[in-house]
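Dear colleague,

I am passing on the structure we discussed, with a short account of what turned up in it. Please look it over when you have time.

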Amino acid sequence: MSVDFMNPAGFLLVLFVPLFYALRKIKVLNQVSFPLSFSDWNGWVFTWNNKFRRVVAIIGEGLCILGYMLIIIAFAEPVIHHQERVYTSRGTDVMFVLDTSPSMAARDINEITRIEAATKTIEKLVDANPGASYGLIAMGSQAAVVVPITNDKETLKSRLATVTVGLMGEGTAIGTGLSTAVYHIKATSAKRKCIVVLTDGENNAGEIHPETASGLAKKNGIILYTVGIGTKGTVPLEYVNPVTGKIYSGYLDSSFDSSNLEKIAIAAGGRYYSVESLSAMNMALSSIIKKQDVVQSYYIRTSDDYYYYHVLTAALIALILSWIIRRLYLKEVM
């Protein structure tokens, strides 16, 4: 984004300000005045002690000056140039499988919950890598597609914000979530495809074994990465069940065996990441995208926003307010 002026010669109008005061100085433009006497000779002269009215008078004069300066800027025709990349070839397809089991409400990732840390990191990653396409699957006791593979980043981020703890039940069906991701990503035309499973536990639900789902990913040429979220030990936990509305609060004994997550990731050509902080999660997901990045062709599209009428409107508002203050409130003869 850059700011430019289509008519920079308009700034020459600022020269009228010193010219005006110079003409006043040599008495070419004298103010019309009517001398009045409010006291006898040697008596007290009239003085104005109302500080509030003084402040109002300064504001009125300031608005007048502001209005004139805005008129100058308007005549210079300000414009803001926006540039964006328009990709003409497809990048990597990334499907996120996000655990929504109750343990993801544990507040041990930089004082926010695990699921909040995951969604914030995904959102940041999507903004930083516009060339890829992304999808999202919510996983619990069951799994469901929240957003299919798309390059519409705003839709993805808005739907991502609706994913909450307990959305898909209280279990962790990693095999079901992974197989659902494989089914929806395998049909795309991208040269590279990967699945990123973000979870804080072991597989304890669903009818599909994670190793079976991992083999399915490998068979379809899809790279699998697993991310284990959370610290070990006793951590605070609180969440509202979205189905019953019941509030759960207490502490979680956080500990799980990550060997299975590492095993299924390696089997499908990827690797396992253990994260205990936002910075570690950012590094993990950035590393994944960097590994799966492909060269894309694109062109730069420029769009312009013109602000002539916006600035001119602001100038008129400032001048009108100045007139109201000085003419109607201060009763000045203008």
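Which residues form a nonpolar patch on the surface? In this predicted model, the patch consists of Leu12, Val14, Leu15, Val17, Phe20, Tyr21, Ile65 and Met69. Together they have about 710 Å² of accessible area. Two elements, α1 (16–25) and α2 (51–75), each give two or more residues to it. The largest share, three residues, is from α1.

Leu12 counts as exposed because its relative accessibility is 56%, and the cut-off for exposed is over 50%.

Next, the helix pair. Helices α3 (residues 114–128) and α4 (residues 153–160) pack with their axes 10 Å apart, at an angle of about 175 degrees. The two are therefore roughly antiparallel, as angles over 145 degrees count as such. On the α3 side the contact involves Thr119, Ile122, Glu123, Val126 and Asp127; α4 contributes Lys153, Leu156, Lys157 and Leu160.

The last item is Val145, which belongs to strand β5 (residues 143–150). With 29% relative accessibility, Val145 counts as partly exposed. Leaving aside residues up to four places away in sequence, Val145 touches Leu136, Ile137, Thr180 and His184. The C-alpha atom of Val145 is also separated by 9.2 Å from that of Gly177, and these two residues are 32 residues apart along the chain.

Regards

Conventions. Residues numbered from 1 in each chain as written. Predicted model: local features only at pLDDT ≥ 70, side-chain atom pairs only at ≥ 80, totals over all residues. Heavy atoms only, no water. Patch = residues over 30% accessible without salt bridge, like charges linked within 9 Å, V, L, I, M, F, W, Y side chains within 5 Å. Areas by Shrake-Rupley, 256 points an atom, 1.4 Å probe, with all protein chains shown as cover. Salt bridge = Lys/Arg side-chain N within 4 Å of Asp/Glu carboxyl O. Helix = DSSP H or I, 4+ residues; strand = E, 2+ residues; numbered from the N terminus. Buried < 20%, exposed > 50% of the residue type's maximum accessible area, 1.4 Å probe, protein only. Contact = heavy atoms within 4.5 Å. Axes fitted to C-alpha atoms, helices over the stretch in contact; angles between N-to-C directions. Parallel < 35°, antiparallel > 145°, perpendicular 65-115°, else oblique.
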